[in-house]
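Please look over the protein chain shown here. This report goes through some of its residues and helices in turn.

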Amino acid sequence: MASTFDKSTREVLSISRRHLLTGAGALACSSLLPAVAHAADEWPTRPVRFVVPFAPGGSSEIVARSTAAELSKTLGQNVFVENKPGAAGNIAMQEVARADDQHTVILGHIGTLAVNPFIFDKLPYDPKKDFVPVSLLAKVPSLYVVHPDLPVKNIADLVAYAKKNPGKLSYGSAGNGSAGHLAFEYLKMTADIFMLHVPYRGTGPMMQDLLSGRLDAASVGASALLPFIKAGKVRCIATGSTQRLAQLPDVPTVAEQGFPGFEMTQWYGMLAPSSMPKAHVSKLAAECAKAVKAPEALKRLQGDAAEPIGGTPEQFAQFIAVEQGRWQKVLKRAQVKPS
């Protein structure tokens with residue numbers, strides 16, 4: 001009897017102990033879940049470095065600093081912009097690709113994501129494997145301008161003049177593979193015309209030659225050209241945007257002038273190293289979408305003729321893929337090589 005009783009007692013105690021341990025384990029796990037979620041909510045835990053792979057000035061500076069200023073308000077940590085130019089953006093991209101501090105991001109651009117992969121024989125970074133898209137921040141339309149002495153007032157005039165005077169027209173850009181280079185090559189391919197490309201080391205020296213008449217034409221981001229257009233020093237014959245600009249309501253788009261679907265914009269988005277946790281990327285994307293449309297940021301961006309976008313990581317990834325497909329064809333046809 002005693003033996004049977006002892007055996008039954010041991011079984012009951014064993015079952016009770018298992019239930020107790022299982023319950024305690026579940027209780028412990030459930031108590032950890034809020035802690036894990038809370039840890040994710042607390043990110044970032046220190047200032048965030050927002051790298052811009054270009055020299056200070058221009059649209060990239062305005063987009064980055066406007067976004068950073070708003071993120072500093074909502075993330076609870078300072079977001080500071082660091083310019084790191086060189087090698088068509090490759091130096092900065094390589095550095096950020098290797099960053100594993102979870103607090104470094106970079107400004108992605110048409111050049112570093114849709115041009116460099118097709119003009120450099122070997123890149124020090126892989127745009128698909130080394131980075132995760134966060135959010136498309138803004139688009140800046142390219143404007144097509146000519147020197148006032150050129151008898152051209154619209155795209156039709158330019159096409160007619162170029163075909164009537166083969167090899168006579170020239171256009172400048174900030175360098176091989178630059179946005180201005182792409183913009184004119186895209187127009188040349190679409191309109192089936194030839195114009196001599198003259199690459200410069202930057203927009204500044206190129207603009208000097210355009211203003212003096214040593215160049216016939218150029219395509220540059222709206223922010224850099226608007227003052228010269230308003231002063232009559234260059235004539236704007238078209239915008240690369242899908243709609244007319246509020247700052248230039250009388251200037252038609254390229255698409256309006258007989259080339260449906262034509263769009264040429266410089267674009268800027270935020271990328272994070274692929275090592276950044278998905279929860280952090282999602283949080284950052286949501287805050288970026290709000291940041292670019294906050295009143296102060298909106299005022300600065302629209303003053304620069306930039307269109308604020310925002311959006312999810314998935315939407316930005318799809319956008320990059322489409323842009324890569326489009327520009328690969330243009331670059332191949334123009335045989336663009338790095339400067």
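## Glutamate 61 and its partners

The side chains of glutamate 61 and arginine 65 are joined by a polar contact of 2.5 Å. The model is a predicted one, and this distance is computed from it. A second polar contact links the side chain of glutamate 61 to the side chain of asparagine 83, at 3.1 Å.

Where does glutamate 61 lie? It lies in helix α2, which covers residues 59-74. Is glutamate 61 buried or exposed? Its relative accessibility is 13%, so it counts as buried. The cut-off for buried is under 20%. Setting aside neighbours within four places in sequence, glutamate 61 is in contact with Pro56 and Asn83.

## Threonine 67

Helix α2 also holds threonine 67. The relative accessibility of threonine 67 is 1%, so this residue counts as buried.

Which residues does threonine 67 touch, leaving aside its neighbours within four places in sequence? They are Phe50, Leu137, Cys288, Ala291 and Val292.

## The chain as a whole

The protein chain has 339 residues, and 47% of them are buried. Its secondary structure comes to eleven helices and ten strands.

The accessible surface of the chain comes to about 16400 Å². Carbon and sulfur atoms account for 57% of that surface.

## Backbone details in the loops

Tryptophan 43 and proline 44 are joined by a cis peptide bond. Omega is about 0 degrees there. Proline 44 sits in the loop between α1 (2-42) and β1 (48-52).

Another loop runs between β2 (79-83) and α3, and alanine 87 is found in it. Alanine 87 is not a glycine, yet its phi is positive, at about 55 degrees. Alanine 88 is found in the loop between β2 and α3 too. Phi of alanine 88 is also positive, near 55 degrees, in a residue other than glycine.

## Helix α4, an enclosed helix

Helix α4 spans residues 110-119. Eight of its ten residues are buried, so the rest of the structure largely encloses this helix. Which residues of α4 are buried? They are Ile110, Gly111, Thr112, Leu113, Ala114, Val115, Asn116 and Ile119.

What do these buried residues pack against? The partners are helices α3 (90-97), α6 (179-191) and α11 (313-334), together with strands β3 (104-109) and β9 (265-273).

Alanine 321 lies in helix α11. Its relative accessibility is 45%, so alanine 321 counts as partly exposed.

Two packed helices are described by the angle between their axes and the distance between the axes. Start with helix α5 (residues 155-164) and α6. They pack at an angle of about 75 degrees, and their axes are 12 Å apart. Angles of 65 to 115 degrees count as roughly perpendicular. The helices α5 and α6 are therefore roughly perpendicular to each other. On the α5 side, the contact involves Ile155, Leu158, Val159 and Lys163. On the α6 side, it involves Phe184, Leu187 and Ala191. Six residues of the contact of α5 with α6 are nonpolar, none is polar and one is charged.

Next comes the packing of α6 with α11. The angle is about 80 degrees, and the axes are 10 Å apart. Are α6 and α11 roughly parallel or roughly perpendicular? Their angle makes them roughly perpendicular to each other. From α6, the contact uses Leu182, Glu185, Tyr186, Lys188 and Met189. From α11, it uses Arg326, Trp327, Val330, Leu331, Arg333 and Ala334. The residues of this contact of α6 with α11 divide into seven nonpolar, no polar and four charged.

Methods. Residues are numbered from 1 along each chain as its sequence is written. This is a predicted model: local features need pLDDT of at least 70, side-chain atom pairs count only at pLDDT 80 or more; totals for chains, interfaces and linings use all residues. Side-chain values use heavy atoms; hydrogens and water are left out. Buried means under 20% relative accessible area, exposed over 50%, partly exposed in between (1.4 Å probe, protein chains only). Helices (H or I, at least four residues) and strands (E, at least two) are DSSP runs, numbered from the N terminus. Contact means heavy atoms within 4.5 Å. Axes are lines fitted to C-alpha atoms, for helices over the stretch in contact, and angles run from 0 to 180 degrees between N-to-C directions. Angles under 35 degrees count as roughly parallel, over 145 as roughly antiparallel, 65 to 115 as roughly perpendicular and the rest as oblique. Ala, Val, Leu, Ile, Met, Phe, Trp, Tyr, Cys and Pro count as nonpolar, Asp, Glu, Lys and Arg as charged, and the others, Gly among them, as polar. Accessible areas come from the Shrake-Rupley method with a 1.4 Å probe; for residues, only the protein chains shown count as cover. A polar contact is a pair of N or O atoms within 3.5 Å; within protein, one must be able to donate a hydrogen and the other to accept it, and residues adjacent in sequence count only if both atoms are side-chain atoms.
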